[in-house]
Structures are given as C-alpha cells and as structure tokens.
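Hello,

Here is the structure for you to take over. Please open it alongside this note, and read on below for what turned up.

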Amino acid sequence: MQPQPLNYTNAAILAPMVRIGTLPVRLMALEYGADLVYTPEVVDRGIVGCERVVNEDNGTIDYLSKGVSIFRTHPSEKSKLVFQIGSANADLALQAALTVAQDVSTIDLNCGCPKRFSIHGGMGAALMEEPEKLCGILKNLVDNCGLPVTCKIRIFPDRERTLKLVKMIEATGIRALAVHCRYRDERPREPGHWDRFKEIVDAVSIPVIANGDIKEYADMARIRELSGCAGVMIARGAEANVSIFRKEGRLPHMDIVRQYIRRMFVEDTKSPYYRPLCDAKSFRAVCKVFEMEDEFDSWTKKQEEHGWPTDLDNPPRKAAEAKEKEAKAANVKAKTKNDKVADVKMAEVVAESTLGKRKQDDLKEEEEEKVVVATASVSVSAGEVDGTPAAKKHAAGDGASSQPTPADTPQPDVETEVETISTTSTPLA
Ligand SMILES: Cc1cc2nc3c(=O)[nH]c(=O)nc-3n(C[C@H](O)[C@H](O)[C@H](O)COP(=O)(O)O)c2cc1C
C-alpha cells in the first residue's frame, strides 16, 4: 500500500535551509502557522551510519556521528517534517532515507542546489542535467523507503525542457514537486520567474509547491491565485523573521530571539545556559550569557556615537513613536502658548523680580557654554576631536549628503547570531 502523502493544499511551508532550518526554527515556524517544515539538506553519507539516540533530558531524537549531532528532531514535528537528502547515488539515498524513516513523514531529494559543493558531487542542480540518474534515485526511494517521496528542482530557461523534466519526475511516483522559480545560475537577488509556475502546475497532476521571492504573508495567496499551485514555500523571508507565517503579521525580532532560545533547549533545563537565557530580558543580557558583553557594548557605543537606535526590538517603530510623541508635545505647547500668554508674561515678571540675580548668573553661564561649543565645533571640522570615519567625513566637507545612515553600518543579524550558538545539528551540506 502507498504511504499517505502530506496535505499540500493551501500549505505554507518552511523551505529547506542549511544552517537556518534547525529544530528551534522548525518548531517556531509550526507554532507561527507553517503547515509543513523541511530539514536543511543532509548529504546521504553524512547521515548513513549515524547512531539514533533518544535524549531523555529534552525529549529530542539525535542522530550522532562520532558523538556529533548531524540531525536533531522532536516527536512533536514528525507529522509535518520533510527530511531533505542531497545525493547522487540511488543506493546511498535509500540508505539515508531508511536511517531516519521512523522519525520523519516524507523524504525529499534536493535537485536544485547550485553550490559548487553539490554540483561537483553530481548532486543538487547537477541532477537536472542527468534526468535518468535523477529519476533513478527517486524511483529507488519511492519503491523502497516506505515513505512518500518528493523532490525540489529549479527551472531551465527553456520552457519545453522544464516541462519534459517535470513529467519524467512525476512518472517516478513522487507525491509532490517543489519548484524554485530560478535558473541554476541565477542568484537570489535576481527576481524569480513567477510566470513559470502555472505551466508546470498545468503539466502535472501531483501537487506543485511554489518557491522563490515569496517575502510577505500576502504573497502566498497571490502566488496561489496566479499559478494554481497547491502549496507555497518560503526560505529567506523566514530566515529574516520566522514569524512570517503568522496571518496576524510578523513579531518583533526580540520576541523571536527569546522564542528561539527557549526552543533551542526544548526543555533541556539541565543546560547551564537554560535559566539565564530564559530570564534574559534584553539583547545585552543574552550576550552576557555567552560572554559577549564587550562586543555588544562596542556596537552600542558606535550606534550611540552616530545617534542611531540601539534597541533591536523594533527601531523603526520606536523612532516613529518618538516622532509622534514629539509632534504631540509641540502641539500641546503651541496650544498652551496661545491660551496662556498672559499667565506666562505674569510669571516672567514675577521671576524677574524675585530671581533677578539667579537669572543673571544663568545668562553668564550660557554665554560661557557658547564659547566652549564654538571651540569644539572648530576642532571637529578640522578632524581633531576624534578619528571616527564620521568625523573625518565631516572634516572632508562631505556635509549632510554623506552623513552615514544606519544602513552603512553592518547591523547584527540577530537570528543568525543566535543560530551560531544553537546546540542543534549542523548538517553537512
Ligand atoms: C541560508 C539558505 C540555505 C539554503 N539551504 C537549502 C537547502 O539545504 N536545500 C535546498 O533545497 N535549498 C536551500 N536553499 C534554497 C531555498 O530553499 C530556496 O529555494 C531559495 O532561497 C528561494 O526561496 P526564497 O526566495 O524564499 O529565499 C537555501 C537558501 C538559503 C537562503
């Protein structure tokens, strides 16, 4: 009997992403509304021979190679989990699939990776150049692994060639096809070819999953309407903020960081990091746990020097709120000014008569301050006060047009940084 495939109709799917699609991210994607999640590609040889260990402390299942975790999963994701294999060999692909079969729902073959590592090994997008080999691997998996099998491809510039390939692939008995709408040599910054999905959807009767350049929640409905695809798969949009799957809108980064850290341990309360991280209420506190306060402080200092926001929570929102507050205050001030001119005048008279001497002293101090400020600005324009690029730029006469913007300074990528401290597997890819 054929294994039951996953339900792809209207599915929102977390794409396979090496280094990113770790267990915490997959669990969060599911929590935020993704229907299915892919593991990062794991190369066949990387997983074959791994020891399967149930981690009694945190409930995870770890696949270990010489003590190193190659793949970590949790039973709660099994019914939605697609395990992606990188392979150029039908036997090894099958062995890899059988190794993890009891903990995942579907096996996917990566036929779209254009990276040198994959291509040189005859894997990824190289398989699209050898359709017989590609289909041989899929057929072996379909016939023998006991799970539904799917595959992920790119497109050829040639439409006919693409349609011929997808029909061959469908004939192997796979249960769904994910299509990344770029050519092998196209980079992510180049726009995807959304117009190519429909003809593929029309050419096959298995569910097609559209992937490429889907950056907003609303894009998912648009692409479904445009192409008739069954599911929609998101990679970089989820890398930037995994709460992209929430229909109510994305959450602030800080919430994501906290959630990631919680999931990172999946109830691994014995870890020495667990309690301090759960208690951390700021990004600095997170850095402190990992002895990275110095890095955090020097970054903050640099931001402050330029008057840029230092809160990672949601700087644009905070800035907008501050502006709004300022505008409101100015309005109130103007209104009060009109209403209370007489009162103010009276107050001034009283102040002059009672605080005459203090006022004179204040004025004197103000004059002295003006001299100090004037001296300092002369030094700054000569580039003498400090050697920061901003001061030098200013000194060089670039003026306002060359003032650095926040985009000029590398902003820490919160999720990526936290990712590097994850205890989950780093699949070979
Ligand atoms: C960091 C990163 C890692 C990726 N790793 C994989 C992978 O392991 N397997 C795969 O098939 N595609 C991988 N991809 C490609 C994505 O799954 C997806 O096809 C591509 O990024 C286009 O989707 P997007 O426009 O939503 O980013 C990766 C992409 C990124 C950004």
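E9 and strand E10 (residues 176–180) run parallel and are joined by four bridges. The chain gets from E9 to E10 through helix H6 (residues 159–170), in a right-handed β-α-β crossover. Right-handed here means that, with the strands pointing away from the viewer, the path from the first strand over the helix to the second runs clockwise. In this pairing, Cys151 stands opposite Leu177 of E10.

Before going on, some ground rules. This is a predicted model: local features need pLDDT of at least 70, side-chain atom pairs count only at pLDDT 80 or more, and totals for chains, interfaces and linings use all residues. Residues are numbered from 1 along each chain as its sequence is written. Helices (H or I, at least four residues) and strands (E, at least two) are DSSP runs, numbered from the N terminus. Two strands pair if DSSP finds at least two bridges between them.

E9 also pairs with strand E8 (residues 106–111), in the parallel sense, over five bridges. Ile107 has Val149 as its bridge partner in E9.

How well covered is strand E9 (residues 149–153)? Five of its five residues are buried. A residue is buried if 20 or more other C-beta atoms lie within 10 Å of its own, exposed if 12 or fewer, and partly exposed in between, with C-beta atoms placed from the backbone. In a regular strand the side chains alternate between the two faces of the sheet. In E9, Val149, Cys151 and Ile153 point one way. Thr150 and Lys152 point the other way, and all are buried.

**The antiparallel sheet**

An open sheet of three strands has the order E4-E5-E6, with antiparallel pairing. Its edge strands are E4 (51–54) and E6 (68–73), and each pairs on one side only. Neighbouring strands of this sheet are turned by 30 degrees against each other on average, direction ignored. Axes for such angles are lines fitted to C-alpha atoms, for helices over the stretch in contact, and angles run from 0 to 180 degrees between N-to-C directions.

Four bridges link E4 to strand E5 (residues 61–65). Arg52 stands opposite Tyr63 in E5, and Glu51 stands opposite Leu64. The hairpin of E4 and E5 has six residues between the strands. In it, Gly59 takes a positive phi near 80 degrees.

Helix H1 (residues 23–32) is mostly covered, with nine of its ten residues buried. Among them are Leu23, Arg26, Met28 and Tyr32. Gly33 follows H1 and has a positive phi, near 130 degrees.

Asp202 sits in helix H7 (residues 197–203). Is Asp202 buried or exposed? Asp202 is exposed, because it has 12 other C-beta atoms within 10 Å. The C-alpha atoms of Asp202 and Ser227 are separated by 8.8 Å, and the two residues are 25 apart along the chain.

**Around the ligand**

The ligand is surrounded by 25 residues. The closest are Ala15, Pro16, Glu41, Ala235 and Arg236. A residue counts as near if its C-beta atom, placed from the backbone, lies within 6 Å. Helix H9 (residues 236–240) gives the most to this shell, with three residues.

Best wishes
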